[in-house]
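Trainee: I would like to learn how to read a model like this one. Where do we start?

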Amino acid sequence: MEVVILADAKEIGAVAADAVGALLVRQPDAVLGLATGSSPLMIYDELVLRCVAGLVSFSRARGFTLDEYVGLSADHPERYHNVIDRVFVSRVDFAPGAVQGPDGLASDVPAACAAYEDAIHRAGGVDLQILGIGTDGHIAFNEPGSSLASRTRIKTLTRQTRIDNARFFGGDVDAVPTHCLTQGLATIMEARHVVLVATGSHKAEAVHHLVEGPVSAMWPATVLQHHPHVTVLLDDAAAHRLQLAGYYRETYRAKPDWQGI
Ligand code: F6R
């Protein structure tokens, strides 16, 4: 696991966008894993700027989102399919239908989850997965106690996650859906490169467990310690509980520019 502590969100966005850009040069038809929520917004904004400037193109790329609320209507602004379209997909040059997500309105939930796993598999798997992390250590919506071997399925959101996400629903925690469909931890572990972003002191405890804690279903993100290629991009506030922060900074400073993440 490579831990990179950067000055601010802008720098995090640039470093992550460099990795996405380099991947798309090597492999224009790459498969991207796209998180929603606040954490990756600076990456998407930076990629939009570069796409508009002609420096990167998504015209042959495909994308898969991580999760979806159950039961939000097709036109609900907080439905993750609509969120990712608004914050990223519609602002760059993806082909129509190139980005898909789990179907939160499916009547047959197990079949919809199996179909989503199958779609990722048929696309050749995710080349680069962008992730955020919840304050309770979830990745996608794999809440504490999730099986480390889990696949796409329905999950109940914790009260903490619903409180955290109430800001997207006018501050009303009861308006936040209680259930979601989410890629499992084993699904995410199959991505070839995972880039996890965390900013702000409210993420420091989860980041501490992710990077330096024991692997445990109680802090689901810790499963990433078993992944061969994970990059964790942090600001100072999110990194402030890391025991080896000095070592991570020194290691990144000594890295040759050409190497990237
Ligand atoms: C979103 C997702 C979640 C978020 C996490 C952090 O698709 O899968 O795991 O990444 O809840 O959310 P933010 O970034 O809003 O703090």
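Trainee: What span should the 18 residues of helix H1 have, and what is the distance between its end C-alpha atoms?

Mentor: First, the ground rules. This is a predicted model, where local features need pLDDT of at least 70, side-chain atom pairs count only at pLDDT 80 or more, and totals for chains, interfaces and linings use all residues. Residues are numbered from 1 along each chain as its sequence is written, and side-chain values use heavy atoms, with hydrogens and water left out. Helices (H or I, at least four residues) and strands (E, at least two) are DSSP runs, numbered from the N terminus. The expected span of a helix is 1.5 Å times one less than its number of residues. For H1, residues 9-26, that gives 26 Å, and its end C-alpha atoms are 26 Å apart, which agrees.

Trainee: Which residues of H1 are buried?

Mentor: Buried means under 20% relative accessible area, exposed over 50%, partly exposed in between (1.4 Å probe, protein chains only). An α-helix has 3.6 residues a turn, so residues three or four places apart point the same way. In H1, the buried set includes Ile12, Ala16, Ala19, Val20, Leu23 and Leu24.

Trainee: What covers the buried residues of H1?

Mentor: Look for contacts, meaning heavy atoms within 4.5 Å. The cover includes strands S2 (31-34), S6 (128-131), S9 (193-198) and S10 (230-234). Helices H2 (41-52) and H9 (245-253) are also part of the cover.

Trainee: Which polar atoms lie 2.7 Å from an oxygen atom of the ligand?

Mentor: Think in polar contacts: pairs of N or O atoms within 3.5 Å; within protein, one must be able to donate a hydrogen and the other to accept it, and residues adjacent in sequence count only if both atoms are side-chain atoms. One is a polar side-chain atom of His138. Another is an N or O atom in the side chain of Lys203. The protein covers 94% of the 410 Å² of accessible area that the ligand has on its own (Shrake-Rupley method, 1.4 Å probe).

Trainee: Is His138 buried or exposed?

Mentor: His138 counts as buried because its relative accessibility is 10%. His138 is in the loop between S6 and strand S7 (153-156). Its side chain makes polar contacts with the side chains of Asp136 at 3.0 Å and Glu143 at 2.9 Å.

Trainee: What is the phi of Ala140?

Mentor: Most residues other than glycine have a negative phi, and most peptide bonds are trans. Ala140 has a positive phi of about 45°. Ala140 is in the loop between S6 and S7, and counts as buried at 7% relative accessibility.

Trainee: Which side chains does Asp127 join in polar contacts?

Mentor: Gln27 at 3.1 Å and Arg192 at 2.8 Å. Asp127 sits in the loop between helix H4 (109-122) and S6. At 9% relative accessibility, Asp127 counts as buried.

Trainee: What is the mean pLDDT of the chain?

Mentor: pLDDT is the predictor's confidence in each residue, from 0 to 100. The chain mean is 98, and 100% of its residues reach 70 or more.
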